[in-house]
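Here is a short report on one protein chain. Look at the structure first, then read on.

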Amino acid sequence: MTTVQAPPLTRAQVDTGRRLTFVRAVRGEWIKLSTLRSTWWSIGIAAILTIGIAVLIAQAIDVPGFEPIQAVVMPIQFAMLLAGILGAISVTGEYSTGMIRSTLAANPQRGSVLAAKAVVVGLFMFVSSLVIFAAAAVAVSAVVASRDQSIEWSDPSASILPIVVSSLAMAVFALIGVAFGFILRSGAGAIAATVGLLFVLPIVASFFAVAGEAWNWLLESANYLPVAAAQSAILPEGAALEGPVAYATLAGWVAAGMLAAWAVLRTRDA
């Protein structure tokens, strides 16, 4: 009896189904993000803050010219910190546990690791924020209905667009946190840097509003900080920045952060 020896497998045949594609990298990042309890705690707290503050604003402010949609999006000034912190800890948590070594061993292409993390965190924050702001809009509509007011849903630019842009801004804040996470690799450091950029710097800049014309350049520069640019994009009427400039500013912050994070991730050992 003779046996027939099978021809040796080619490298392509051996690797079939085993190569880590970008889609699989994204799936892995989603598993890591969704299985962290801190992720859902952050989203839950952001929802409570956003909806609760929106309802309080809608109840407290009843003056001519104040539109209900403003009450819906104004809580972003508080929820932005949770978005940034979530982005930071999604990265620094891997460094603190050593999981980043396994991640880079499975996917040596560090740019792919960064891109997958950014895609997952950004999309997750955008979708979550969209749901939260939509719920806030429903709650605010119920509050203002008693005084014959309503959100102008017939005009998307005065209703749907601010909600979508607010959700986009929350994704930007989360990606800023991701960038600081890769750059600093320390939970405390990344959170401090994120809070400093999103919250502290705008407050510091506002102190110079009464310092005289010599400091006007500082106030004008502060309009290009992430939060100020987001506010201009969300409610463009009377804003410090024109719409295209505000969007370009937000995109610039994300691009600069991702490039800096990629440079650090590429050149430093895990």
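## Ground rules

Helices (H or I, at least four residues) and strands (E, at least two) are DSSP runs, and they are numbered from the N terminus. The model is predicted, so local features need pLDDT of at least 70 and side-chain atom pairs count only at pLDDT 80 or more, while totals for chains, interfaces and linings use all residues. Residues are numbered from 1 along each chain as its sequence is written, and side-chain values use heavy atoms, with hydrogens and water left out.

## The whole chain

The protein chain has twelve helices and zero strands. Its C-alpha trace spans about 95 × 45 × 30 Å along the principal axes.

Of the 270 residues, 41% are buried. Here buried means under 20% relative accessible area, exposed means over 50%, and partly exposed lies in between (1.4 Å probe, protein chains only). Contact means heavy atoms within 4.5 Å. Among contacts between residues at least 6 apart in sequence, 77% join residues at least 24 apart.

Two packed helices are described by the angle between their axes and the distance between the axes. Axes are lines fitted to C-alpha atoms, for helices over the stretch in contact, and angles run from 0 to 180 degrees between N-to-C directions. Angles under 35 degrees count as roughly parallel, over 145 as roughly antiparallel, 65 to 115 as roughly perpendicular and the rest as oblique.

Helix 2 covers residues 22-34, and helix 7 covers residues 110-144. Their axes come within 9 Å and cross at roughly 55 degrees. Helix 2 is therefore oblique to helix 7. The contact includes F22, W30 and L33 from helix 2, and V113, V120 and F124 from helix 7. By class, this contact has twelve nonpolar, one polar and three charged residues. In this scheme Ala, Val, Leu, Ile, Met, Phe, Trp, Tyr, Cys and Pro are nonpolar; Asp, Glu, Lys and Arg are charged; the others, Gly among them, are polar. The crossing of helix 2 and helix 7 is right-handed. That word applies if the near helix is turned clockwise from the far one by less than a right angle; anticlockwise is left-handed.

## K32, a buried lysine

K32 lies in helix 2. Is K32 buried or exposed? K32 counts as buried because its relative accessibility is 18%. Leaving aside neighbours within four places in sequence, K32 is in contact with E94, M99, T103 and K117.

The side chains of K32 and T103 are joined by a polar contact of 3.0 Å. A polar contact is a pair of N or O atoms within 3.5 Å; within protein, one must be able to donate a hydrogen and the other to accept it, and residues adjacent in sequence count only if both atoms are side-chain atoms.

## Helix 5 against helix 9

The axes of helix 5 and helix 9 also come within 9 Å, crossing at roughly 155 degrees. These two helices are therefore roughly antiparallel to each other. Helix 5 passes helix 9 in a right-handed crossing.

Which residues meet here, in helix 5 and helix 9? Helix 5 brings M80, L81, G84, I85, A88, I89 and T92. Helix 9 brings G187, A190, I191, T194, V195, L198 and F199. The contact divides into ten nonpolar, four polar and no charged residues.

Helix 11 covers residues 226-234, and eight of its nine residues are buried, so it is largely enclosed by the rest of the structure. What covers its buried residues includes helix 4, helix 5, helix 8, helix 9, helix 10 and helix 12.

I234 is one of the buried residues of helix 11. S166 touches I234, along with V73, I76 and F133, not counting residues up to four places away in sequence. S166 lies in helix 8 and is buried, with a relative accessible area of 0%. A polar atom of its side chain lies 2.7 Å from the backbone oxygen of P162.

D148 sits in the loop between helix 7 and helix 8. D148 is exposed, at 76% relative accessibility. Its phi is positive, about 60 degrees, although D148 is not a glycine. R185 lies in the loop between helix 8 and helix 9. Phi of R185 is near 65 degrees, again positive in a residue other than glycine. R185 counts as buried, at 14% relative accessibility.

R19 is in the loop between helix 1 and helix 2. R19 is exposed, with a relative accessible area of 54%. R19 and N107 are 88 residues apart along the chain, yet their C-alpha atoms are separated by 9.5 Å.
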